[in-house]
Amino acid sequence: MMVCEYKPGLEGIPAAQSSISYVDGQKGILEYRGIRIEELAEKSTFLETAYLLIWGELPSKEELEGFEHEVRYHRRIKYRIRDMMKCFPESGHPMDALQASAAALGLFYSLRDLHNPAYIRDSVVRLIATIPTMVAAFQLMRKGNDPVRPRDDLDYSSNFLYMLDEKEPDPLMARIFDICLILQVEHTMNASTFSARVTASTLTDPYAVVASAVGTLGGPLHGGANEEVIQMLEKIGSVENVRPYIDHCLETKSKIMGFGHRVYKVKDPRAIILQGLAEQLFEKFGYDKFYDIAQEMERVVEEKLGSKGIYPNIDFYSGLVYRKMGIPTDLFTPIFAIARVAGWLAHWKEQLEENRIFRPTQVYNGLHEVTYTPIDQR
Ligand code: SDX
């Protein structure tokens, strides 16, 4: 048998063949099904992009309307799920609440008809439709309020923003939020997508696939970084403190949140678009002094770490956009999950099309032939 070199973090090792998305990390290019992210951000909607990723092609007008209609009418969550969520501690992190709720959804749809296109479509619609409702419900319930019912007359993103505080959002805000979802929906073999594919490869149900991916997304090295970026900006507090903060990170070898990427060695193309969106929001709704700190951070990190290819990633500016929308910081990663669920489902479907269970090997570096020591002799 061929002996392979062990690569920590599986760096550079292909885990699947996929036609869903493509990244060129040197040129800063990201494509979904061959279409550049910049074009989708300008012309598409989140649900249309989700359809593209999952079914491989842009939908016709009828197909899109049909998909939007189905998602719209599956937004409500079962009262048992809502009541279960009411028992979650208010101090719990919304990502943990989401992971538990997504897994609980599987209790209601335990049939695993994985070769039936109708089952796949039904699961896709149900997950994309209900994940935002679950995030918003936990947000209201942890404040002691009842969740609000989804509004069938509102589009996907407007409805989510409405469900967060029972106010119809400004149309510019809703459109910018929708673009953020487009930017966060998919990104090749990132950690949570890998997790989704590993779980999918056992032929379990899609609710378990999504629950395992949500758990993986939450960590600060992955999607959880967007929340930590805002905490970091709060801690820095002023433009003058940026340089000493970065020097301290470098001296103590701690990571600067929202910077660096396994694949990108230039500024993440999604960060460029998000920065522009943040500026649009500041223009209409007022400036955020954190933006000055963020820009200074970008300058200083480029000066110190640019030669190593460390630049802002997607999580650096997304927090500033969500903050300007008045969204609580600990909902930033659940919102990333609202978007990414469609990417995970595209990979779930693709994995099932040519499935083989993931079962890598390891390099054993432990002992052999050790004799058992009785407890009174240890
Ligand atoms: C996402 O994979 C995806 O596609 C993910 C994602 C998606 O859409 O799914 O793009 C979303 O997860 C974005 C990343 C969010 N995380 C962060 O912002 C946390 C901070 N970033 C780093 O921890 C790091 O850059 C990672 C986790 C993103 C990437 O880790 P790698 O590829 O394992 O890189 P590494 O930790 O081995 O670092 C390589 C070198 C080291 O220096 P040397 O030891 O070689 O001298 O770069 C340095 C690191 O110290 N480095 C950093 C740094 N990131 C890398 N130094 C300071 N601050 C950083 N942020």
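Select His187 and the residues it touches: leaving aside neighbours within four places in sequence, His187 is in contact (heavy atoms within 4.5 Å) with Ser21, Val23, Leu30, His261, Tyr264, Arg270 and Arg340. The model is predicted: local features need pLDDT of at least 70, side-chain atom pairs count only at pLDDT 80 or more, and totals for chains, interfaces and linings use all residues. Residues are numbered from 1 along each chain as its sequence is written, and side-chain values use heavy atoms, with hydrogens and water left out.

Next, show the side chains of Tyr264 and Arg270. The His187 side chain makes a polar contact with that of Tyr264 at 2.8 Å and another with that of Arg270 at 3.4 Å. A polar contact is a pair of N or O atoms within 3.5 Å; within protein, one must be able to donate a hydrogen and the other to accept it, and residues adjacent in sequence count only if both atoms are side-chain atoms.

Now colour by accessibility. His187 has 4% relative accessibility and therefore counts as buried (under 20% relative accessible area, 1.4 Å probe, protein chains only). Buried residues make up 52% of the 378 residues in the protein chain.

Switch to the cartoon. His187 sits in the loop between α8 (171-184) and α9 (191-200); helices are DSSP runs of H or I with at least four residues, strands runs of E with at least two, numbered from the N terminus.

Zoom out: along its principal axes the C-alpha trace spans about 70 × 60 × 50 Å.

Terms used:
Buried < 20%, exposed > 50% of the residue type's maximum accessible area, 1.4 Å probe, protein only.
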